[in-house]
Amino acid sequence: MNWEWLPHYIPLLIHGLYLTLVLLVSSVVIGGIMAVPIGLVQVTGPWPLKVLAKAFCTFIRGTPLLIQLWLLYYGVGSLFPGIPGIRDSFLWPILREGFYYAVLAFSLSFAGYEGEVMRGAFLGVPRGELEAARAIGMSPWKVLTRVWLPRAVRLVLPTLAGEIVGQLKSTPLAFTVTVMDLMGARAKISSDTYIMYEPLILIAVIYMILTFFITRAFNYLERLVPQRR
Amino acid sequence: MILAVAPLSDLLSFGNKGYLDELMWGAIATLEISFLGYAFGCFLGLLGAVGKLSGGSLVKNILGGYTTLFRAIPELVLIMLIYYAGTNGLNQLLISFGFEPIQINQLLAAVFVLGFVQGAYSTEVLRAAILAVPVGQVEAAKAYGMTSYQQFRRVVLPAMLPYAIPGLANLWLNITKDSALIAVIGSSELANVTRIAAGGSKLYLVFYLLAAVIYLVISMVSDQFFAWLERRVRRGQRKLA
């Protein structure tokens with residue numbers, strides 16, 4: 001085992017860890033917010049929205065994330081240079097950067113998987129509670145924000161840790177679109193030093209530690225939320 | 001110099017000019033890798049589940065380490081680790097025995113790697129399914145004097161399938177999608193072929209959409225198949241409500 005390269009690359013690895021965490025948190029937050037309407041319209045929405053949400057979930061869940069990412073980065077990204085004047089606009093630095101495509105792809109993916117989970121959770125809230133809320137005279141919006149959504153979120157909480165760990169395990173794909181996350185940092189180290197295994201083993205250990213912390217954090221969170229059984 | 005790009009109808013055709021035949025072979029390779037990896041993974045999973053349930057403490061610890069490690073590390077990292085470590089290790093073994101190093105068949109390497117990752121997940125699925133079989137049924141089998149193999153083959157296996165099929169169906173859908181990760185180490189399956197076709201023709205959007213549709217069809221057909229399979233293995237069960 002050769003670890004001589006490690007001190008030299010610690011800043012790169014820390015920046016990689018930071019980017020991995022940014023990718024994870026931003027995609028979970030954006031995707032999680034998107035998942036609520038995607039789940040809701042499948043339960044109560046008008047049929048065009050219902051069909052649209054269902055089709056979105058089917059597409060996201062039925063195709064590899066790698067293909068979705070490449071479809072956005074290479075496919076959609078290849079259309080932008082054709083737009084006249086775009087190279088001079090303020091958008092160009094964003095449209096050129098693989099990182100934003102990765103955030104978008106991972107958010108859409110999380111929204112697709114979690115939207116399906118939220119659909120089940122909305123259906124799982126007992127009818128009587130919604131009827132009680134309506135009987136008190138709550139508006140549909142209030143029923144949603146005070147009863148339906150909080151109860152649905154409580155139902156998905158036990159599965160959320162697993163979903164987020166799954167999302168963490170998807171983030172290394174970002175290195176295929178030039179993002180210097182942990183996986184990207186590893187690729188740079190390997191190409192600089194011709195050392196293959198040690199960097200891989202190191203980031204594998206880092207991913208395991210992150211997984212451990214996510215699981216622990218959610219166990220704690222779940223105990224904070226009261227639930228009568 | 002401007003690259004002369006052939007018309008779309010040529011690129012989307014079979015034969016020398018077009019990429020459709022390459023995509024078709026890529027899709028077949030994806031199915032091949034997925035199927036063999038899945039079979040290997042289920043085999044490992046069955047061994048793992050039986051080991052976890054009835055092995056000694058050493059076996060249990062090793063299997064616990066295997067399932068925890070392989071489910072906590074990203075598939076992409078694992079695939080690279082096993083692929084490079086596996087091919088390198090094998091070649092060093094060959095050299096130390098005085099043989100020439102060999103170029104390892106990429107399809108086999110992919111199957112091996114995916115199967116190993118899959119095995120960790122199917123161990124857990126099958127373990128839970130075996131545990132769901134009522135103890136009384138196993139005891140009844142014992143009382144008849146069945147050997148432990150007979151108990152497994154005639155009672156535990158058919159009785160656990162209804163519990164295992166939904167999990168195994170998910171794993172199959174996962175492996176068809178995870179097989180795309182093999183593209184990162186270079187291979188002839190669908191994702192990599194698509195990358196080559198898209199790069200060669202400059203029609204990135206068209207080819208990635210096409211690949212997405214092919215994966216989607218694989219997923220949807222598999223969904224139907226597993227729904228049928230689940231109905232079949234549940235045929236003796238009482239319907240709920």
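Visitor: Where is the place of W92(A)?

Guide: In this predicted model, W92(A) sits in helix α4 of chain A, residues 92-96.

Visitor: Why does W92(A) count as buried?

Guide: Its relative accessibility is 12%. Buried means under 20%. So W92(A) counts as buried.

Visitor: Which residues does W92(A) touch, not counting those up to four places away in sequence?

Guide: P81(A), I86(A) and R87(A). Contact here means heavy atoms within 4.5 Å.

Visitor: How far apart are W92(A) and F59(A)?

Guide: In sequence, 33 residues. In space, 29 Å from C-alpha to C-alpha.

Visitor: Let us turn to Y207(A). In which helix is Y207(A) found?

Guide: Helix α9 of chain A, which covers residues 197-224.

Visitor: What makes Y207(A) buried?

Guide: Its relative accessible area is 0%. The cut-off is under 20%. Therefore Y207(A) is buried.

Visitor: What is Y207(A) in contact with, leaving aside neighbours within four places in sequence?

Guide: In chain A, Y207(A) contacts T20(A), L168(A), T171(A), P172(A), D181(A), L182(A) and M183(A). In chain B, the partners are A72(B), P74(B) and V77(B).

Visitor: How far is Y207(A) from K169(A)?

Guide: Their C-alpha atoms are separated by 7.8 Å. Along the chain, these residues are 38 apart.

Visitor: Why is the meeting of K169(A) and E75(B) called a salt bridge?

Guide: The side chains meet at 3.7 Å, N to O. A salt bridge needs a side-chain nitrogen of Lys or Arg within 4 Å of a carboxyl oxygen of Asp or Glu.

Visitor: How many salt bridges are counted between chain A and chain B?

Guide: The count is one.

Visitor: How much area do chain A and chain B bury between them?

Guide: About 2,800 Å². Of that area, 82% is on carbon and sulfur atoms.

Visitor: And how many residue pairs are in polar contact between chain A and chain B?

Guide: Seven, with both residues at pLDDT 80 or more.

Technical notes
Residues are numbered from 1 along each chain as its sequence is written. Chains are lettered from A and ligands numbered from 1 in the order in which they are written. This is a predicted model: local features need pLDDT of at least 70, side-chain atom pairs count only at pLDDT 80 or more; totals for chains, interfaces and linings use all residues. Side-chain values use heavy atoms; hydrogens and water are left out. Helices (H or I, at least four residues) and strands (E, at least two) are DSSP runs, numbered from the N terminus. Buried means under 20% relative accessible area, exposed over 50%, partly exposed in between (1.4 Å probe, protein chains only). Buried area is the accessible area (1.4 Å probe) that two parts lose on being put together, summed over both. A polar contact is a pair of N or O atoms within 3.5 Å; within protein, one must be able to donate a hydrogen and the other to accept it, and residues adjacent in sequence count only if both atoms are side-chain atoms.
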